[in-house]
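Reader: Hi, I'm new to this one. Can you put it up and walk me through it?

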Amino acid sequence: MRLETEIHRRRGVTLVAARVVNDEVHAARVRVADQCGGSVWPPREDGLPVAGWDDGGWEGVVAAGETRALGYATPAEPATPAAAFAWTERAADAELSPGEEARSEPAAGEACTGGSGPSPGETLAQLGDPRPPRDAIAPPTTVLPDAVRDWLDRVSTRAETGDATDTDRERVTALEARAARLREVVEE
Amino acid sequence: MILAVCGGKGGVGKTTAALNLAAELGAVLVDADLGMADVPAGRGPDLHDVLAGRATAVEAVREQDAVSVLPCGRTLAGAREADPRRVVNALDAVASEYGDVVVDCPAGLRADVGLPLLVADACVLVTTPDRAALADALRARSLAVELDAGLAAVAYNCASDASDDVAAALGAPVVAVPDAACAAAAVETGRPAAALAPATTAADRFATLADHVRRCMQ
């Protein structure tokens, strides 16, 4: 098994291109894990991560002699290598990658509707995401106190350039929790 | 039981039919129109909060005299934060707590219609005699069939008589609902036609529609 990676860093985002080459005579199940240390932004279809991808990388089966091309983005600084095999094991020759399996396996945290119908995730993917696009939502600016707005703007700028810190993430989460609690109280 | 009220085209009277059916069936009305909610909402958590994980579905239900309602927020930001997939669990949770649920679906045939249909036991299609509305009702019917939500009945809105052609095309009993002022007033006030104008044809027809639904669920 061979894994080749290539990295491009653009506007605060690391783009990782990887090639998994199975030069063995048997199909192999592999896990390609990100080594850059940030969260993995997987390829998406209709807003949902493509099958096989999770927060840490990609898992799937590569047939004997097959070469699989993978690509993802991450806000973390590039590492060398950008990605590596977490493990590889021999797969049954008939075994398929998650993307090729009957796509009825409910993803983690998703409701199982029972019966043999499609999962909510599949229905969403097939019929299209009904949510309005992110760009359609203008963040409110006028009603916020100046200091709060300035701080949020700074966090927003850091997030856009990929320089958001752990402190930023913690503070935004704390702010959200506090605001949700406070909203209940002031609206009563 | 979870009943989805859908129709494809907008403005055909889905919300009116859903509100009146919920009243007849003693069900909780869930406004699942994530982008353009119609059912009056007061203060407190709504479906946007539920789908964003900020509230549970059961605590977002407003228990009211006429019809208990789980309203939906009206902001784009709220719609953006909502995970449409969570509507499946939310509807299940309300059904386990309250028994019957009527879902007012949005127009169109995207996932915000498909996901309620996926979890629904049956659906009621709403259409007007207008050609465009009928064409959209046929498409909505196909989606409901694909997602295993049996068609219980068709609410033939703004029509004085039921049409055999429509019943044959859609393959379900058709109940004509006259275009009565009380039907529109129902949504304005959040009170069903049966409460506002108990002796009218519209109120009577919604009762018939509810009978069809009950029969379908037996």
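Author: Let's start at one spot. Leaving aside its neighbours within four places in sequence, P178(B) is in contact with S160(B), T201(B) and A202(B). Contact means that the C-beta atoms, placed from the backbone, lie within 7 Å.

Reader: How far apart are P178(B) and S160(B) in sequence and in space?

Author: They are 18 residues apart in sequence and 5.2 Å apart in space, C-alpha to C-alpha.

Reader: And where does P178(B) sit?

Author: P178(B) is in the loop between β7 and α8 (181-189) of chain B. Helices (H or I, at least four residues) and strands (E, at least two) are DSSP runs, numbered from the N terminus. P178(B) counts as partly exposed, because it has 17 C-beta neighbours inside 10 Å. The scale is this: buried takes 20 or more other C-beta atoms within 10 Å of a residue's own, exposed takes 12 or fewer, and partly exposed is in between, with C-beta atoms placed from the backbone.

Reader: Before we go on, what should I know about the model and its labels?

Author: This is a predicted model: local features need pLDDT of at least 70, side-chain atom pairs count only at pLDDT 80 or more, and totals for chains, interfaces and linings use all residues. Residues are numbered from 1 along each chain as its sequence is written, while chains are lettered from A and ligands numbered from 1 in the order in which they are written.

Reader: Good. How many helices and strands does chain B have?

Author: Chain B has 10 helices and 7 strands. Of its 218 residues, 59% are buried. Among contacts in chain B with a separation of 6 or more, 70% are between residues 24 or more positions apart.

Reader: In what order do the strands of the sheet come?

Author: The order is β3-β2-β4-β1-β5-β6-β7 in chain B, an open sheet of 7 strands with parallel pairing. Two strands pair if DSSP finds at least two bridges between them. The edges are β3 (69-70) and β7 (174-177) of chain B, each pairing on one side only.

Reader: What does β1(B) pair with?

Author: Strand β1 (residues 2-6) of chain B is joined by 4 bridges to β4 (residues 101-104) of chain B, running parallel. Another 4 bridges join β1(B) to β5(B), also parallel. Take L3(B): its bridge partner in β4(B) is V102(B), and in β5(B) L3(B) stands opposite A122(B).

Reader: Which helix lies across those strands?

Author: Helix α6 (residues 131-146) of chain B lies across β1, β5 (122-127) and β6 (150-157) of chain B. It runs at about 170° to β5(B). For that angle, axes are lines fitted to C-alpha atoms, for helices over the stretch in contact, and angles run from 0 to 180 degrees between N-to-C directions.

Reader: New topic. How many residues touch between the chains?

Author: 23 residues of chain B are in contact with 20 residues of chain A. On the chain B side, α3 (76-81), α4 and α5 each supply at least two residues. The largest share, 6 residues, comes from α5(B).

Reader: What sort of residues are on that side of chain B?

Author: There are 13 nonpolar, 3 polar and 7 charged residues. Ala, Val, Leu, Ile, Met, Phe, Trp, Tyr, Cys and Pro count as nonpolar, Asp, Glu, Lys and Arg as charged, and the others, Gly among them, as polar.

Reader: And what do the buried residues of α5(B) pack against?

Author: They pack against α1 (120-127) of chain A, together with β1, α4 (86-98), β4, β5 and α6 of chain B. In helix α5 (residues 111-119) of chain B, 9 of its 9 residues are buried.

Key. Two residues are in contact if their C-beta atoms, placed from the backbone, lie within 7 Å.
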